[in-house]
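Hello,

Here is the structure we talked about. Please open it first, then read my notes below.

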There are 2 protein chains.
Amino acid sequence: MQTPPDNATVSASGEQGILEAAEILFAEKGFDAVSMSAIAKLANTSKPNIYHHFKNKDELYLAIIKTAVQRASSLLDELEGAPGTFRQRLARFSAGQLDNIIAHGRSTQLVLREALSGNSERARETANYMVSEVFNRLVAMVRHGQENGELREDIDPTLAAFMIESANMFYFQTMPIMKNIPEINYADDAGAFTEGVMDIIFNGVLQK
Amino acid sequence: MQTPPDNATVSASGEQGILEAAEILFAEKGFDAVSMSAIAKLANTSKPNIYHHFKNKDELYLAIIKTAVQRASSLLDELEGAPGTFRQRLARFSAGQLDNIIAHGRSTQLVLREALSGNSERARETANYMVSEVFNRLVAMVRHGQENGELREDIDPTLAAFMIESANMFYFQTMPIMKNIPEINYADDAGAFTEGVMDIIFNGVLQK
DNA sequence: ATACTAACCGACCGTTCGGTCAGTTTATGA
DNA sequence: TCATAAACTGACCGAACGGTCGGTTAGTAT
């Protein structure tokens, strides 16, 4: 893998620099396609020094995943406590989560790839935890709206929550593809996307 | 990677056996984590014989992706020509596509991973083509319903199509995770899932 | 200055990687 | 039956892998 380092660079030094470099490379190419030498090079250090800070490649990978999950988790706490009507809160939670995963695109891609990879016991549990946590909070919000009588009684709250999360996650995953489809005009505007999604979720597409 | 072969076995022999084995392993572990020796072992042949049939590892990988995309593409043709009302046809297209990607889970995972990987020029264009094709057909159907006056004029047809495809794709991606969440009772029932999704897409979740 | 430790490195290890070579077996068709 | 080509193989190649070795530097407390 003699691919040129990247457009990205590492600012910090020491252990933090290693973590940064590893996050960049793992997110970009995946676990197996990244060598410890490549990480050392991008971090401006030596391979043995990485092993001074981390037991092995798996542990370095796990450290990055855990950091990403924790950050996402604490940001969800903030979002959930917001005020407003039920509909506003649900829409803002969805929009905030989407902004968050886009802003931290590298770690999101890392966690998502691990959660959805279908194999490797490496860090799947940790990654699954994040996906499930977003999902559970969405379900709770939808269920709450249902109890308040704002939502139809005959819909499955987990299904509505699933549709919101799937829209957000698939939006994030397909952003590079969407930008090549000219008729899509929300590829660069996550706010407009969420607004449209919530409109359809709330009101449906049928003519009244 | 001395992981035991798998529960899967290869039935065919010769070139077809190599393709089968490679598809199994690539889908399970991804390109970089699969060695040519492992493929040879699972295909009950030798490594040089793989190179007799395929120029190199990349070409073998590309051959599998192309086969998968072609099969999916021809199945979409069938689905699109179905009769019925607009709503029936849209629901059946969505359900059929979901059944299809679940039935061919291995190749779907392969194509999806390639399309969403965010790197590697290996086969991304081919994989993107499949994602875009499903999307374009959905957009055309939604737009048709809009022209017939069955759908609201103020919704973006690409957005409705995106939500349907995202629900299907994310359903496929998260099936293993969903089975661990007890409150989800459509994890094993793609038909019920599609029905619920289309209900929400058409009618929304709000109390009338 | 001394002693101790964390941070760091060049050189190297055994193993496996993608890929090749020189040759053998198997099927085909005249 | 015999030539020809396709299918197939064991042994091997240089390169790169994850990881370790012995040793050096830099900071810090006494």
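**The surface near DNA strand C**

α3(A) gives the most to the surface near DNA strand C, with four residues. Helices are DSSP runs of H or I with at least four residues, numbered from the N terminus.

This is a predicted model: local features need pLDDT of at least 70, side-chain atom pairs count only at pLDDT 80 or more, and totals for chains, interfaces and linings use all residues. Residues are numbered from 1 along each chain as its sequence is written, chains are lettered from A and ligands numbered from 1 in the order written, and side-chain values use heavy atoms, without hydrogens and water.

For B:Met36, a backbone N or O atom lies 2.9 Å from a phosphate oxygen of DNA strand C.

**Where the chains meet**

In chain B, 58 residues are in contact (heavy atoms within 4.5 Å) with 58 residues of chain A. B:Arg152, B:Phe170 and B:Leu206 supply 14% of the area that chain B buries against chain A, more than any other three residues. Buried area is the accessible area (1.4 Å probe) that two parts lose on being put together, summed over both.

The interface holds four salt bridges (a side-chain nitrogen of Lys or Arg within 4 Å of a carboxyl oxygen of Asp or Glu). One of them joins B:Asp199 and A:Arg152, with the closest N and O atoms 2.8 Å apart. α8(B) gives the most to the side of chain B that touches chain A, with 15 residues.

Best wishes

Key: A polar contact is a pair of N or O atoms within 3.5 Å; within protein, one must be able to donate a hydrogen and the other to accept it, and residues adjacent in sequence count only if both atoms are side-chain atoms. Helices (H or I, at least four residues) and strands (E, at least two) are DSSP runs, numbered from the N terminus.
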